[in-house]
Amino acid sequence: MNDNHDEIEIDLREVFAAIMHSLWLIILVTFVFGAVTFVYSKFVITPTYESQTQIYIQSKQNSNNLTYSDVQLSSQLTKDYAQLITSRHVVEQVIENFGLDLTYEQFVGKVKVVTPSDTRIIKITVTDPDPVFAKNLVDDVREVASIHITNVMDAEAVKTVDEGNVATNPANPSVPKWTLLGLVLGAFLSVGIVLVKYLLDDTIKTTEDVEKYLGLSTLALIPITTIVSDTNADDDMDDMEMNPESLRKVKSTLEKSKPRAQQDDELEITDIANDK
């Protein structure tokens, strides 16, 4: 400790010992968190399925004079096509076709459009709790968007690369990921609790702590024997006795540590064993 700041010394060996001492608690909390997240992701969260379709858009151009600039321009146009796929015209038409009770924003949240770089192929993905309905939705989005792109961008043709698929496994939630997340969170939380408890514990437990924190030398240790009394169970002081043999050792140690002339004036130890 200095004049301006309190310095806290952390012994890594003591930290490791505290963690090992509470290892059972860490394992228990980790297991509980993992089990909770597993049950929550497996039985509480509604699983959703994804269906994906792909389209290829062929622009009108003179094939005899095809240049690299034309190919690059066609690739850049895929971003415009992606915007048209999620346009209000296409989305509201699909909502009307299926009679869905959804707003434009809600349906757009179910649709994902990806335009891979250096290609004119566009991937359209629709998410829904029903895998078959997700396929029907993504196919309808593709058909409506194809007509809209042809009319707006004056494209020559919009060809289907892949039709929508019926997913067999849910896309979300991922039960293994949720379980792993719960295990990691439980482990970090339990270790954090153990470390905080260790840092806040300022009790003196060993003779080394006496010398380290109080700057005093330990002359001897006096064991305290706790005796359970049936008549005075509430009186802790009456339930504690000091071992007479230990007192005799303390007396001998103290007598050796002081000058003979000061022993009679400064120290008097009564042997409890003799009194009894």
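**Close-up views of a predicted model**

**View 1. Helices H2 and H7 are roughly antiparallel to each other, because the angle between their axes falls in the range over 145 degrees.** In this predicted model, the axes of H2 (residues 23-44) and H7 come within 7 Å and cross at roughly 150 degrees, and the crossing is right-handed. On the H2 side the contact is made by Ile26, Val29, Thr30, Phe33, Gly34, Thr37, Phe38, Tyr40, Ser41 and Lys42, which meet H7 residues including Val175, Trp178, Leu183, Leu189, Val191 and Val194. Sorted by class, the residues of this contact comprise 13 nonpolar, 8 polar and 1 charged.

**View 2. Helix H1 also meets H7, with their axes crossing at roughly 125 degrees.** The axes of H1 (residues 12-21) and H7 (residues 175-200) come within 10 Å, and the angle between them makes H1 oblique to H7. This crossing is right-handed. Glu14, Val15, Ala18 and Ile19 of H1 are in contact with Val191, Val194, Leu195 and Tyr198 of H7, a set that by class holds 7 nonpolar residues, no polar residues and 1 charged residue. Val191 and Val194 of H7 take part in this contact, and both also belong to the contact of H7 with H2.

**View 3. A cis peptide bond joins Asn172 to Pro173.** The omega of this bond is near -5 degrees, whereas most peptide bonds are trans. Pro173 is located in the loop that lies between strand E4 (155-162) and helix H7.

**View 4. The buried residues of helix H4 line one face of the helix.** Helix H4 spans residues 88-98, and its buried residues are Val90, Val91, Val94 and Ile95. When H4 is seen down its axis, these buried residues fall within an arc of 130 degrees, so they line one face. After H4 comes Gly99, whose phi is positive, near 60 degrees.

**View 5. Thr78 is a buried residue of helix H3.** H3 covers residues 68-85 and includes Thr78, which has a relative accessibility of 3% and therefore counts as buried, the cut-off being under 20%. When residues up to four places away in sequence are not counted, Thr78 touches Thr115, Thr119, Arg120 and Ile122.

Key
Residues numbered from 1 in each chain as written. Predicted model: local features only at pLDDT ≥ 70, side-chain atom pairs only at ≥ 80, totals over all residues. Heavy atoms only, no water. Axes fitted to C-alpha atoms, helices over the stretch in contact; angles between N-to-C directions. Helix = DSSP H or I, 4+ residues; strand = E, 2+ residues; numbered from the N terminus. Parallel < 35°, antiparallel > 145°, perpendicular 65-115°, else oblique. Left-handed = near helix turned anticlockwise from the far one by under 90°. Contact = heavy atoms within 4.5 Å. Nonpolar A, V, L, I, M, F, W, Y, C, P; charged D, E, K, R; others polar. Buried < 20%, exposed > 50% of the residue type's maximum accessible area, 1.4 Å probe, protein only. Arc of directions from axis to C-beta.
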